[in-house]
Amino acid sequence: MDKIVFRLIGIVSLFSISLWAANQMNWMELFGVEENISSTEQKVGELLWEFYSANNTEVTKDDLLLPIDSILTKICESNSIERDEIKLHLINNDEVNAFALPNNHLVIYSGLLVAVKNEAELSGVIGHEIAHLQMDHVMKKLVKEIGLAVIITMTSGNGNSQVLLESIKTLTSSAYDRSLEEEADFKSVDYLIKADIDPTAFANFLYTLGGNNPDAEELMSWVSTHPYSKERAEEIVNYSQKKNYKAKQVLDSATWHILKKEAERL
Amino acid sequence: MISTPKFAYKPNEHEAEKASYSYLMSLIAVIVGLPIPIINLFATFFFYLANRNGTYYVRWHATQALLSQLSLVFINSYGFWWTVSIIFGDESVSNHYISYLFVVIIFNFTEFIATIYSSIQTRKGKHIHWWLYGDVTDIICKPGNGQNSI
């Protein structure tokens, strides 16, 4: 019996030592894993954005874009996120929606600008989408819903428009797993606090969406892609209460009013 | 790691062929079952069940073949579910993951070669005794049970 125990320890030790030795190698660099992942995401992102932008109208008005850009820049700079890596797009659409596409495309609908009551609510949504991008949720969702094989086919130039349409649909109008949504919510709160923006406004926005206003229900795509809004609003409030923050305005009130007015006019 | 001690008796042609099959089963199952790690365990387990009342030589080798698959199932299953969680879950490819896969492949390959060798040698009627698994098989498998050639 002693011999068996000794030999068992021997095999376990051999496995552990082999694992330790293998771990000394930098496999990620050797196989260029990071570069491959990033190049795949880049290709998928560009393909999807090309397809999406061809079928939607992008707003290029400075009165609308610059204030959003200021909020985005403030969040990024306060959280050591490379602002230049995020590509901001404003789409002329009445739906209350915002979403992230691979390769750091952040898409906001003009309907969202109309729906939010203040810049802190808008910042919360932007922070939430940045969190999805930064935490690699977008590619994970795509791989899960569409499949790795289809994505590789897509990047090799063999993807058809049906696949692209399916991918866009998945990313724009279906929810992430609840755990990913919660992760993005909490990350967004962290981003907002570091940027001196009130995170409870984001909770208020979610709570309002969770109210399911029957008149506007069909317009609120962000509700369908971000379920359990009320519960999540409560969790955000609880999480925020544990943090110390000083809320400051990013935009002056005149700029905010112009943004709202211009968004309503679209 | 592998020794060829003298067996309690000289197995006949039919026994040597059957004992050889117990190793062959896991090889075929590896080809069929990849990448599902449990298939080769099932294959050797069913072969073991079918031969648990066989002669001592056949039983002994069916048991050793089964035990040798058992430990691989644990490390392969861990690697399999790790891969699944990378593809469908929140995990991402890391240096630890690739290191683990590398070691798993080395261990599987070693086991694969040892299994081929054991299958050939048992077919010749030689008694192949694996390090650790052979010792455990000696405890589990006694000459008194089942049909005995002696």
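Reader: How many nonpolar, polar and charged residues does the lining of the largest pocket have?

Author: In this predicted model, the lining of the largest pocket has 12 nonpolar, 10 polar and 6 charged residues. The pocket holds about 840 Å³ of space and is lined by 28 residues, with I37(A), D136(A), M139(A), V143(A) and V93(B) lying nearest its centre.

Reader: Which helices supply at least two residues each of that lining?

Author: From chain A these are α3 (33–54), α6 (119–134), α7 (137–146) and α8 (148–158), and they are joined by α3 of chain B. The largest share, 7 residues, comes from α3(A).

Reader: What makes up the lining of the second largest pocket, by class of residue?

Author: Its lining divides into 20 nonpolar, 4 polar and 1 charged residues. About 660 Å³ of space lies in this second largest pocket, and of its 25 lining residues I11(A), S71(B), L72(B), F107(B) and Y133(B) are nearest the centre. At least two lining residues come from each of α1 (2–23) of chain A and α3, α4 and α5 (133–140) of chain B, with α3(B) giving the largest share, 7 residues.

Reader: Why is the pair of Y23(B) and W130(B) called stacked?

Author: The ring centres of Y23(B) and W130(B) are 6.5 Å apart and their planes are 20 degrees apart; since centres within 6.5 Å make a pair and planes under 30 degrees apart count as stacked, the pair is stacked. It is one of 19 aromatic pairs over all chains.

Reader: Why can this pair be said to tie parts of the chain together?

Author: Y23(B) belongs to helix α1 (residues 13–33) of chain B and W130(B) to strand β2 (residues 129–130) of chain B, so the pair ties together parts that are 107 residues apart in sequence. Both Y23(B) and W130(B) are buried.

Reader: Why is the pair of W82(B) and Y100(B) called tilted?

Author: The centres of these two rings lie 5.7 Å apart, and their planes stand at 50 degrees. Because planes under 30 degrees apart count as stacked and those over 60 as edge-to-face, with the rest tilted, the pair of W82(B) and Y100(B) is tilted. This pair, too, links distant parts of the chain, with W82(B) in helix α3 (residues 56–88) of chain B and Y100(B) in helix α4 (residues 95–123) of chain B, 18 residues apart. Ring pairs also link W82(B) and Y100(B) with F15(A), Y78(B), Y97(B) and F107(B) into a cluster.

Reader: What makes T63(B) buried, and where is T63(B) found?

Author: T63(B) is found in helix α3 of chain B, and its relative accessible area is 4%, which is under the 20% that sets the limit for buried, so T63(B) is buried. A polar atom of the T63(B) side chain lies 2.6 Å from the backbone oxygen of R59(B).

Notes:
Residues are numbered from 1 along each chain as its sequence is written. Chains are lettered from A and ligands numbered from 1 in the order in which they are written. This is a predicted model: local features need pLDDT of at least 70, side-chain atom pairs count only at pLDDT 80 or more; totals for chains, interfaces and linings use all residues. Side-chain values use heavy atoms; hydrogens and water are left out. Rings of Phe, Tyr and Trp (its six-membered ring) pair if their centres lie within 6.5 Å; planes under 30 degrees apart count as stacked, over 60 as edge-to-face and the rest as tilted. Helices (H or I, at least four residues) and strands (E, at least two) are DSSP runs, numbered from the N terminus. Buried means under 20% relative accessible area, exposed over 50%, partly exposed in between (1.4 Å probe, protein chains only). On a 1 Å grid over the protein atoms alone, a cavity is a set of points where a 1.4 Å probe fits but cannot get out, and a pocket is an open set with protein on both sides within 12 Å along at least five of seven lines; lining residues have an atom within 4 Å of a point. Grid points are joined across faces, edges and corners, and a volume is the space filled by probe spheres set on the points. Ala, Val, Leu, Ile, Met, Phe, Trp, Tyr, Cys and Pro count as nonpolar, Asp, Glu, Lys and Arg as charged, and the others, Gly among them, as polar. A polar contact is a pair of N or O atoms within 3.5 Å; within protein, one must be able to donate a hydrogen and the other to accept it, and residues adjacent in sequence count only if both atoms are side-chain atoms.
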